[in-house]
Amino acid sequence: MAGTQPLTKKTIVKKRTKKFIRHQADQFKRIARSSWRKPKGIDGRVRRRFKGTIPMPSIGYGSNKKTRNVHPNGFQSVVVHNVNELEMLMMHNRTFAATIGHSVSTRGRQEIVSRAEQLAIRVTNAAAKLRAEEDA
């Protein structure tokens, strides 16, 4: 449903978009692929936050509360598995957008999408698994 617009569209500002790399990830291939782990060594320069070392994640990198978990289209996402769960978004259709769960069947998706159009609720993945039948 492309007609529904968000109630407020605030500019989303990210304090940091790059991933935090793990300490010594540039030296070992096996570490380069892994996610952030906090350094715990007694003499570690990164843990002691020396100048010139890689930055560690901290609470200061957090997002603005008003724009946290907001998609670029201005809506927050709610995973929906059936029409009854969709009814909960009726009064909040300018704040939340429905995302159909991946385990929902094609018939269930069609019911959810048609009901969402009646309630003016935006569905983020409305076209997923909905192929037209090809009768040759």
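Predicted model: local features only at pLDDT ≥ 70, side-chain atom pairs only at ≥ 80, totals over all residues.
Arg 109 lies in helix H3. What does its side chain reach instead? Another is the backbone oxygen of Gly 101, which lies 3.1 Å from a polar atom of the Arg 109 side chain. Beyond four places in sequence, Arg 109 also touches Ile 100, His 102, Asn 125, Ala 128, Lys 129 and Leu 130, among others.

Val 104 leads on to the core. Leaving aside neighbours within four places in sequence, Val 104 is in contact with Val 80, His 81, Arg 109, Ile 112 and Lys 129. Val 80, Val 104 and Ile 112 belong to the largest nonpolar core, which has 12 residues. Other members include Leu 86, Leu 89, Ala 98, Ile 100 and Val 123. Strand S2 (96–100) and helix H3 (106–119) each supply at least two residues of this core. The largest share, 4 residues, comes from H3. In soluble globular proteins, nonpolar side chains tend to be buried together.

Now the aromatic rings. The whole structure holds 2 aromatic pairs. Phe 20 and Tyr 61 form an edge-to-face pair, 5.0 Å centre to centre with 70° between the planes. This pair links distant parts of the chain, 41 residues apart. Phe 20 sits in the segment before helix H1 (29–32), and Tyr 61 in the loop between H1 and strand S1 (76–80). Phe 20 is buried, with a relative accessible area of 18%. Tyr 61 is partly exposed, at 32%. Ring pairs link Phe 20, Trp 36 and Tyr 61 into a cluster.

Note on methods
Residues numbered from 1 in each chain as written. Heavy atoms only, no water. Core = buried A, V, L, I, M, F, W, Y, C linked by side-chain atoms within 4.5 Å. Buried < 20%, exposed > 50% of the residue type's maximum accessible area, 1.4 Å probe, protein only. Contact = heavy atoms within 4.5 Å. Polar contact = N/O pair within 3.5 Å; in protein donor to acceptor, adjacent residues only side chain to side chain. Phe/Tyr/Trp six-rings, centres within 6.5 Å; stacked < 30°, edge-to-face > 60°.
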